[in-house]
Amino acid sequence: MKKQFTRRAMLSMAAATAALSLAACGGNVGGGAAEGATFPSGPVTLTVGQAPGGSTDLIARAAAEGMAEKLGVAMPVVNKPGANGALATQEVAAMKADGQNLVLLNASLITITPLAVSASEAVTLDELDVIGGLSQDDYVMVASTKSGVKSVADLKKSESKLSFGTTGVGTGSQLAQALLLAQGDIKGTIVPFDSGSPALTAVMGNQVQVSTVQLGEAKPQIDAGTVVPLVVFSSERNSFLPDVPTAVEEGYDVPVSQYRAIAAPKGLSAETKTALVDALKAATARDSYKSFNESNMLSPKEISGEEVVTEWNELAAKYKKLTEQYNISLASK
Amino acid sequence: MDFFGPVLDGFGVVLDPTNLLYCLLGVAIGMLIGVLPGLGPAATIAILLPLTYGVEPVTAIIMLAGIFYGAQYGGTITSVLLRIPGEASSVVTVFDGYVLAKQGRAGTALGIAAIGSFIGGTVGIIGLTFLAPVVASFALDFGPPEYTALALLGILLVATISGGSKIKALIAAAFGLFLATVGRDIFTGAERFTFGNLSMADGIDFVPIAMGLFGVGEILYNLEERHRAASAPATVANVWPSRKDLKQASGAIGRGSVLGFFLGILPGGGATIASLAAYAVEKKRAKDPSRFGKGAIEGVAGPETANNAAATSSFIPLLTLGIPANATMAIIFGALLIQGVTPGPQLITEHPDLFWGVVNSMYIGNILLLIMSIPLVGLFVKILRIRAAILAPITALITMLGAYTIRNSMFDVMLVVLFGALGYLMKKFGFEPGPLVLAFVLGSLLESSLRRSLLVLEGDPTGFFTRPISATLLVTFVIVAVWPMIKTVLDKRKKANAVLSDPKVKEKV
């Protein structure tokens, strides 16, 4: 009697376990609705190539919330981290172009990562229909308070050899910093970290003297005065950091930012694309989304899908040209 | 007085019914997902984040923090009962915990783990209350050279804690180090052992390796065993730890609390090294080290206390410096930003109610967890009465689901199967999976820290010895590595002397 009870309890526990896990991974079902059904025919899945909780993931969730409301179906966010997002992007690009599967793109995957990895792994926009742009996330170069460095000019004057932390190979942080050092003829050792947080921590402890990280991460420390902002890499001054000069103002040709956009597999029907574009517009118009951008120091860049393709391809070409001109290789150092 | 005012106000914040409810909700969810390997606190918090948008910042963070430390409690259960450690910091719990369960003492193991977790957590909170600003800078003093020395020390401890053959442990650990090199080189972007597969670009995740080697390997091995002799299901003798068990574990709990608290402050790998160090310390201190790996209660008490103390102290860098120490803290960092609170050095002065509210909620949360886990121990140990024919498929299902939820990818499920087969073969040939898994975890820390150090030190290895913390750690490393050899020599000499002196004694008589 008792044994049987236990067994039943175990089975229901296992069932609950399974249900919870399925719910947690977003229930990536639906999709396979009847042929010719109108869009959307079930939940629309938004795949993110980064781990849950990072800035890319949070942006995806903020956008998905509003899009789901406009489309009238659930919009689960599914994280498939791997290879800077290349894994998720290639997977979605190979899916059916029915609008039921979308991917959140990081511009760096298209514009910068190809400079660091082999051609076969590089991702292009050719296999995707871009729905629209989302926002711009700026990089800021910060110095430790102990280093005594307060500006780019100080970097040039520095007698001792400085170490420069980056957030990893093939990132905007690495590219922006490498270009600035090359153009300014500044000597230093590049030290890659696993992500932004350890690179910033290392500057706070003066383990490295300078790091380039995303503004959202650095802002609390800049406000507290534990690190000194030197320069931002956007082409115009950042509204969250109005007193810090841009690299362009300082005379360097280094316009590097992170941009994000939403895309679908290539070949969407005109109606489906319109529905998705409208949903995205409705999502970005919401007050909750706007305040999300504000609190995460993101500048809105809600441009059309066509503009995204043009701008990103131009940036990719520009970065390629600049790295060749200054003889920078992102992969070797 | 200035100090205690805000602290007491913090208790006022916590005792607000809404906050108490969210605290309970958080720890209950945390405990549940802790039981499920794979779906970690980081992913859970990211998914539940929208739920917190509508509530007060302090309420939101109380709940999210509850999920995090609640998960540490839950993680023990699968380690002890099913031999599947959900995260790196509970790998060492498996060594003695699972053996205890097989001996019918699962209740003792889980009970001691719950009590140890409670004490470790509470010591962590007391430390957080009184020492947070003082010890916070500790995290900043740890640069690449210090992490290199710490990882080296950790790998050495891996070698000393394994029970069986030293050579086999070394071989397993070497293989673990090799697995840690798989993936895109984070310094050059070069592909290493990925065979052009993008799923391997970020290397192999800890979860499929641990699930496969420990969980699935054990299932396969047991299947074979049952063909030889029908082993009776383990009898569950005493559900509660006896007074003797408690007395035996009390020292381990005390030492684990302190070790866990200090190592937990370090961002990246602190909790894992804490649990490892706690186990190694207990084994070194024991009168009879051979009991370890065969069901020593201190082997569960030490690491379980340490990983909970570490989980608590990992809030220190976030709340005092604004540095997230691990993936979960990074999401809580994001949650604070969304709430309009900037996590950083000014948090304590600008938002004392939030800081003390969250800190004090942990006292309550830990008590809630203890109250919840004690009756659950009685329930969970009954799992062991289930016939293997039913329990094995359920365990397999949990491991597969766990692996799938990491990245929603079938590739990781395939890896579990692969490592399951490897785990089976290892067990058959007398290799332990522990050294492999732990070396794997520490291997990437060692490699990246060493290469980063050499960049910072401009290729000059003497730099490791001119920095006080890394020098101390390296000297400790040398002592721990060399001491057994010296001891053997001394023992031999003593024996030789004894043999020499013996005849003289006889002559005199």
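Author: **A helix pair in chain B, and what surrounds it**

In chain B, Thr76(B), Ser79(B), Val80(B) and Leu81(B) of α4(B) meet Thr93(B), Val94(B), Gly97(B), Tyr98(B) and Ala101(B) of α5(B), where two residues are in contact if their C-beta atoms, placed from the backbone, lie within 7 Å. Helices (H or I, at least four residues) and strands (E, at least two) are DSSP runs, numbered from the N terminus. This is a predicted model, in which local features need pLDDT of at least 70 and side-chain atom pairs count only at pLDDT 80 or more, while totals for chains, interfaces and linings use all residues. Residues are numbered from 1 along each chain as its sequence is written, and chains are lettered from A and ligands numbered from 1 in the order in which they are written.

Helix α4(B) covers residues 57-81 and helix α5(B) residues 91-102, and the two pack with their axes 7 Å apart at an angle of about 60 degrees; axes are lines fitted to C-alpha atoms, for helices over the stretch in contact, and angles run from 0 to 180 degrees between N-to-C directions. That angle makes α4(B) oblique to α5(B), since angles under 35 degrees count as roughly parallel, over 145 as roughly antiparallel, 65 to 115 as roughly perpendicular and the rest as oblique. The residues of this contact between α4(B) and α5(B) comprise five nonpolar, four polar and no charged, with Ala, Val, Leu, Ile, Met, Phe, Trp, Tyr, Cys and Pro counted as nonpolar, Asp, Glu, Lys and Arg as charged, and the others, Gly among them, as polar.

A second pair in chain B is formed by helix α2 (residues 17-35) and helix α16 (residues 352-381), whose axes come within 10 Å and cross at roughly 50 degrees. With that angle, α2(B) is oblique to α16(B). Among the residues making the contact are Leu20(B), Leu24(B) and Val27(B) of α2(B), and Ile364(B), Gly365(B) and Leu368(B) of α16(B). By class, the contact of α2(B) with α16(B) has nine nonpolar, three polar and no charged residues.

The C-alpha trace of chain B spans about 85 × 60 × 60 Å along its principal axes. Buried residues (those with 20 or more other C-beta atoms within 10 Å of their own, against 12 or fewer for exposed and a number in between for partly exposed, with C-beta atoms placed from the backbone) make up 57% of the 509 residues in chain B.

Chain B also touches chain A, in a contact that takes 56 residues from chain B and 56 residues from chain A. On the side of chain B, α17(B) gives the largest share, eight residues. By class, that side of chain B has 34 nonpolar, 15 polar and seven charged residues. Helix α17 of chain B also holds Ala388(B), which is partly exposed, with 16 other C-beta atoms within 10 Å. Ala388(B) and Asn222(B) lie 166 residues apart in sequence, and 8.5 Å apart in space, C-alpha to C-alpha.
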